[in-house]
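This briefing is written for a reader who is coming to the structure for the first time. Please look over the sequence and the model before reading the points below.

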Amino acid sequence: MIRINDILDQIHTYMPEADTSLVEKAYVYSAKVHAGQMRLSGEPYLSHPLAVAYILAQQKLDLSSITAGLLHDAVEDTLSTTEEIGEMFGQDVARIVDGVTKISQINFQSKIQKQAENIRKMILAMSKDIRVLLVKLADRLHNMRTLEYQKERKRIKIARETLDIYAPLSSRLGIDWIKRELEDLAFSFLYPEEYQDLKKEVETRLGARKAYVEEVKEIISKKMAEYSLSCRVLGRPKHLYSIFRKMRRQNVSLDEIYDLIAFRIILRTVTECYEALGIVHSLWTPVPGRFKDYISLPKANMYQSLHTTVIGPYGERMEIQIRTEDMDKVATEGIAAHWLYKEGKILKKEQRRQFEWLKRLMEWQKELEDPREFLESVRMDLFPDEVYVLTPSGEIKEFPMGATPIDFAYSIHTEVGHHCVGAKVNGKMVPLKYQLQNGDVVEIITSKHHKPSRDWLKIARTSRARARIRQWIKTEEREKSLSLGKDLCLREFKKHRLDFSSFLKEDAEEVARILSFKTVDDMLIAAGYGKISPSQIVRRYVKLKHVEDDEEIIGQEEVQAPRGRKPQGEGIQIQGHDDIMIHLAKCCTPVPGDEVIGYITRGRGVTIHREDCPNVASLEPDRQIEVAWTTDDGVNYPVMLNVVTADEKGMLAAVSNAISAAEANILEAKVYTSPDNSAHFTFVAEVRDSSHLKKVISGIKRVSGVMKVARQASV
């Protein structure tokens, strides 16, 4: 267990003259308010804030941060208040504690709307003071170190949060050692068997390769000394999760991972780094395409280094990183390497670039109302593989790997993106799907008559470009739906001998209000999308005007389905609405219990597809909406089943009896035989839900002679 003296000693290693009385006062206060509380491990609860404060001191943070680390759970878990902490320890500490408390209350859930809102709260908290996030990362790191005491379900939930959110955030802050530890800890809880197997294998290999590592280090040191270069040479194994991720991404075994160990050469100056690179390349053959210069083009988190892969001794590939002592400090400590201890600000103006990603997230959380789009922008900004390109004037722009001229165009200005017709890269014309490479000089060609294409969404990689393209498409779709809605309503009004023009001039606003629309255009657009039917508008208008033949019009309702059959769309709820025309897709015939998604058609309402329907991939994302089944017992849905059996007498009767025994009604049956002595049956049967369907399929499988049963997509 960490003691207060351990924290104070650590502080004095980087602030020898610091007055630590505030930290000591916070320790006494924390011990008092947490008295009697225990952790699941059986330790006193005070052990946790002490550990968090020590992690912050390891990062050489300011006294306010460390004080907040000792107090970070006081408001959440005791009777303490933010106001009380402000009075006793100052507003600076109180603001950090308040920010950490709000983040701690975030509960990451799988529901898109909820998850997006929670991440918005986190971004707002850390944007006010980045120290809030540093304290939270220290809190999460210690919780991950003691996660084995939680129940399995909670362990998995917390580990997934850590891998998805907190490890990428620590990477974005450049704190490599926290990122590595968080990833490996999360890996150990999410994939325990794979973790143990990989750990054992890697340890065995590294143990056998100690002599090899020392040999390479000695070769490099001697060669550098020949050129009068003073350096440190380190050989460090990659952390387990990075190896695991690489094995999965490349679909290879551990035997095919050639760079388990990364060698690092640390020198005094930038000039020496480039000189050392030349020496390494003269010593061993470099692997083409495996050189990256992060010194002249630093990463967004200010990481700088030269990376190269060479064919080393015994024909083995080796990754070598070359950097200065200052660069190595930044690579390890990240933001803490630039910290102004009293003010909590970035030391140099140029280092503010480290927070451009946070600024972008702030912009998106304000602009993007759609939770799917917002989460997509967060993922893109938290998981980037950067590529750096230049404008014709020499300005450096950063993009995620795979970015195209479309992304470049929208980074300049929205209108440049909208009117982009082509691009020149390094003076040569390239297609818009061209993937930008490090060092490319990009020039955008525009035409005022050109407009964005929906296909651009397939090649744009940045959240800014995709959001702007979607925004333009939505505007276009709105205009098309408005035109279609007017046309559909005009036909419906003519059908009932009503004057549509008069309706628009005199009563449309009142009818729109009755139907809960803000404007007449919104109502007509809804009709064009299929969210309401033109007949609903007519019925409301007739009731409002008391037209003589209103009974005939008002009485027109949907045709009732035969008893026991499902009226199309009933049993589906769409974002709280129950007045939208709904159709079940014939391509995949969903039934209750299936994971489903809705697609807004033009003029026919919403079509419901199974999420695993092959056609969903080709549907326009902007027209997809969340839907859910509602409880509705005793209603049947058609499904198509393909059954393959041995070509034997009585098989049709046996399979039919199995379906009937499972309480399913057969609507249709077809059969044909094939030359391989098998019989192929196609049944259309009615089931109540997916559980009933499974019961039917299980019953068929139990029939002797049945070789295969599968649900078919189309009825």
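Against which helices and which strand do the buried residues of α25 pack? In this predicted model, the buried residues of α25 pack against the helices α22 (463–495), α23 (500–506), α24 and α26 (534–545), and also against the strand β14 (596–600).

**The chain as a whole**

- The protein chain has 715 residues, of which 50% are buried, and its secondary structure comes to 29 helices and 21 strands.

**Nonpolar cores**

- In soluble globular proteins, nonpolar side chains tend to be buried together.
- The largest nonpolar core here holds 94 residues, and the members that touch the most other members are Ile11, Ile66, Ile85, Met144, Leu198, Ile320 and Ile322.
- Helix α9 (residues 131–145) supplies the largest share of this core, with eight residues.
- When residues up to four places away in sequence are not counted, Ile85 touches Leu71, Ala74, Val75, Gly90, Val93, Ala94 and Val97.

- Helix α25 is largely enclosed by the rest of the structure, because nine of its ten residues are buried.
- The buried residues in α25 are Val520, Asp522, Met523, Leu524, Ile525, Ala526, Ala527, Gly528 and Tyr529.
- Gly530, which follows α25, has a positive phi near 95°.
- Ser516 is placed in the loop that runs between α24 (508–514) and α25 (520–529), and, although Ser516 is not a glycine, its phi is positive at about 70°.
- Ser516 counts as exposed, because its relative accessibility is 66% and the cut-off for an exposed residue is over 50%.

**How α12 and α14 pack**

- Helix α12 (residues 192–208) packs with helix α14 (residues 240–250) at an angle of about 105°, and their axes are 10 Å apart.
- The two helices α12 and α14 are therefore roughly perpendicular to each other, since angles of 65 to 115 degrees fall in that class.
- On the α12 side, Glu194, Tyr195, Leu198, Lys199 and Val202 take part, and they meet Leu240, Ile243, Phe244 and Met247 of α14.
- Sorted by class, the contact of α12 with α14 is made up of seven nonpolar and two charged residues, with no polar residues.
- Leu198 of α12, which takes part in this contact, is also one of the residues that touch the most other members of the largest nonpolar core.

**A histidine in strand β5**

- His307 belongs to strand β5 (residues 306–311), and it counts as buried because its relative accessibility is 14%.
- The side chain of His307 makes a polar contact, at 2.6 Å, with the side chain of Tyr303.
- With neighbours within four places in sequence left aside, His307 is in contact with Arg290, Phe291, Lys292, Tyr294, Glu319, Ile320 and Gln321.
- Ile320, one of these partners of His307, is among the residues that touch the most other members of the largest nonpolar core.

**Partly exposed residues**

- Ile156 lies in helix α10 (residues 152–172) and is partly exposed, with a relative accessible area of 37%.
- Although Ile156 and Leu190 are 34 residues apart in sequence, their C-alpha atoms are 5.9 Å apart in space, and, leaving aside neighbours within four places in sequence, Ile156 is in contact with Phe189 and Leu190.
- Pro44 is located in the loop between α2 (21–33) and α3 (47–58), where it is partly exposed, with a relative accessible area of 40%.
- Leaving aside neighbours within four places in sequence, Pro44 is in contact with Gln37, Met38 and Arg39, while the C-alpha atoms of Pro44 and Ala31, which are 13 residues apart along the chain, are separated by 9.5 Å.
- Asn426, in the loop between β9 (420–425) and β10 (428–430), is partly exposed with a relative accessible area of 47%, and it has a positive phi of about 55° although it is not a glycine.

Terms used: Residues are numbered from 1 along each chain as its sequence is written. This is a predicted model: local features need pLDDT of at least 70, side-chain atom pairs count only at pLDDT 80 or more; totals for chains, interfaces and linings use all residues. Side-chain values use heavy atoms; hydrogens and water are left out. Axes are lines fitted to C-alpha atoms, for helices over the stretch in contact, and angles run from 0 to 180 degrees between N-to-C directions. Helices (H or I, at least four residues) and strands (E, at least two) are DSSP runs, numbered from the N terminus. Angles under 35 degrees count as roughly parallel, over 145 as roughly antiparallel, 65 to 115 as roughly perpendicular and the rest as oblique. Contact means heavy atoms within 4.5 Å. Ala, Val, Leu, Ile, Met, Phe, Trp, Tyr, Cys and Pro count as nonpolar, Asp, Glu, Lys and Arg as charged, and the others, Gly among them, as polar. A nonpolar core is a set of buried Ala, Val, Leu, Ile, Met, Phe, Trp, Tyr and Cys residues joined through side-chain atoms within 4.5 Å. Buried means under 20% relative accessible area, exposed over 50%, partly exposed in between (1.4 Å probe, protein chains only). A polar contact is a pair of N or O atoms within 3.5 Å; within protein, one must be able to donate a hydrogen and the other to accept it, and residues adjacent in sequence count only if both atoms are side-chain atoms.
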